Amino acid sequence: LWWVWSLHTVAFCYKAKMVQEWRNLSGADAINALRPFYFAVHPDFFGRHPREREVNENSLKRLNGYLENLQKPGARSIKPANLTFYVRDTKEKADSSGSLLASGNTRFRPVTFTLQSKDVLSTVLDVLSSCSLSVEHMQDVLKAETEKSSTQQPGIAFYCPIKWDKTYYTFTGFRDPEQELEQARRVEPTLSLWLRNNEPEATKKQNASLPRREELKRLKRELIQKLGLLDIRWQRKWGVAHKCCQLQSLGRLATQNGLNVQFFTDQSGMNASGHVMLGTMDVHHQWTKLFERLPSYRSMFQQSDWLKERISHLLGGIQVIHIERMGPALPLEEHYSTLNTFHKRLLPQRLSLHPRSMQGLTMSLENDRSTPCLHEMGHFIIPTMCDTLQLQNFLQSQAQEARRRMQRRDKLEAEEEDIISSCLQDLSLHSLCKEPSVSSSQMIPCCRRLMEERSPQMQGLHLCISHFYSVMQDGDLCIPWDWKG
């Protein structure tokens, strides 16, 4: 029975790995230990639930950043992270406790927890236990640590990933998570078949939402004029009826505050771009208190701008930016704290950057990162606690490549704008947009293929290019950018 030999080999590898110090659990080990968790929250399993998928995607990014920060050499204080996940029921028999939300064949439950652990293994255990997932596969790690003497020196880390042979699942009857994930990706239908099955439902929902859409336009236009706003936006894709209720609530306050752009988000405050955020779960008096605090927010925003100017002066004229569309809204307080910490770190150093050598380039700061990198769109992503000498060398060595990528980005964005306009006209769409996570290099070929397909079933519909198929509650169609023809 050669599969028995495979199990013994895996067991040997797993025991051998236990000689490493548990508080220095490697990133690969952490990923391996969190496999049951990833299987339960992976966004690919939430294709029919766009809101839950978006929550899990954002939370996974923050979790991975938290783990990366823990492994950074010399890491000291790490800011606690509050995370929310929708956890699928992965058991053969679903729990009937009532805490699960059922939708079609998918059952999941929301879980919210705060990470405050100072080492990787404790964080892994906290994640698994918070989601009510088994930690039995971690018992050997804990036992090995308990048996160590206080004077024992950690051994050399030995990594051997636990990847069970397919015959293990056949013999035991357990589910193969990799096979199920692959099946979930393969069930995606062709675009023409999906449109044929879902276009009638989308048209029916869209026709029913027309009065609400007109009401939303009217409320938004009146409030912008009444409150002297630049715009009103939403962080998430709420339904039209929900948006109307939020605008009606804002209208009842009827307060003239000379505000900037307003966002309806998950929390109230001001974001890093100076836009007022109204928490959708807050009540009226919390919004009123926010309006009363606006002078202090404006003062903090001015101080943030001053810090950006000082950082730019110290780094050869590079511009510090924050890209809201690439993640959840960043509160101004957190943005100011990040800028202040980075500025204090730069001040004692005498960097030998020419005053205008970085002019025209951009950078953003991130707390949950250990090494600097250059984004494909041409802006630098710099860790707040980055070594200043390493930062100087990186900026100087990558400046030319950054300018090349920025030129390519500008060209892509112009091409994207043109092809969206052509696609709207050729397919007679009512509207065409994309999710923030869809890049220009993905959107452009998608639109080209749509114009080649020229499906008459799309005429007059609202289309959103995303990563999954879905018919939204108001009839908007979501299709993946890499749809199958």
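Helix 4 (residues 50-70) packs against helix 5 (residues 120-130) with the axes 9 Å apart and at an angle of about 155°. Because angles over 145 degrees count as roughly antiparallel, helix 4 and helix 5 are described as roughly antiparallel to each other. On the helix 4 side the contact is made by Leu-63, Tyr-66, Leu-67 and Leu-70, and on the helix 5 side by Val-120, Thr-123 and Val-127. By class, this contact of helix 4 with helix 5 has 6 nonpolar residues, 1 polar and no charged.

The mean pLDDT is 78, with 75% of the residues at 70 or more. Among the elements, strand 8 has the highest mean pLDDT (94), while helix 1 (residues 2-17) has the lowest (42). Residues 92-100 have pLDDT below 50, and this stretch makes 14 contacts in the model beyond near neighbours in sequence. Residues 149-161 are also below 50, with 15 such contacts. Where pLDDT is low, the predicted coordinates should not be read in detail.

The axes of helix 12 (residues 294-314) and helix 13 (residues 332-346) come within 9 Å and cross at roughly 30°. Angles under 35 degrees count as roughly parallel, and helix 12 and helix 13 are therefore roughly parallel to each other. Their crossing is left-handed. Helix 12 contributes to the contact residues including Tyr-297, Met-300, Phe-301, Trp-306, Leu-307 and Arg-310, and helix 13 contributes, among others, Leu-332, Glu-333, Tyr-336, Leu-339 and Phe-342. The contact of helix 12 with helix 13 divides into 12 nonpolar, 5 polar and 3 charged residues.

Strand 9 (residues 362-366) and strand 11 (residues 380-383) pair in the parallel sense over 4 bridges. Leu-365 stands opposite Ile-382 of strand 11.

How values were computed. Residues are numbered from 1 along each chain as its sequence is written. This is a predicted model: local features need pLDDT of at least 70, side-chain atom pairs count only at pLDDT 80 or more; totals for chains, interfaces and linings use all residues. Side-chain values use heavy atoms; hydrogens and water are left out. Axes are lines fitted to C-alpha atoms, for helices over the stretch in contact, and angles run from 0 to 180 degrees between N-to-C directions. Helices (H or I, at least four residues) and strands (E, at least two) are DSSP runs, numbered from the N terminus. Angles under 35 degrees count as roughly parallel, over 145 as roughly antiparallel, 65 to 115 as roughly perpendicular and the rest as oblique. A crossing is left-handed if the near helix is turned anticlockwise from the far one by less than a right angle, and right-handed if clockwise. Contact means heavy atoms within 4.5 Å. Ala, Val, Leu, Ile, Met, Phe, Trp, Tyr, Cys and Pro count as nonpolar, Asp, Glu, Lys and Arg as charged, and the others, Gly among them, as polar. Two strands pair if DSSP finds at least two bridges between them. pLDDT is the predictor's confidence in each residue, from 0 to 100.
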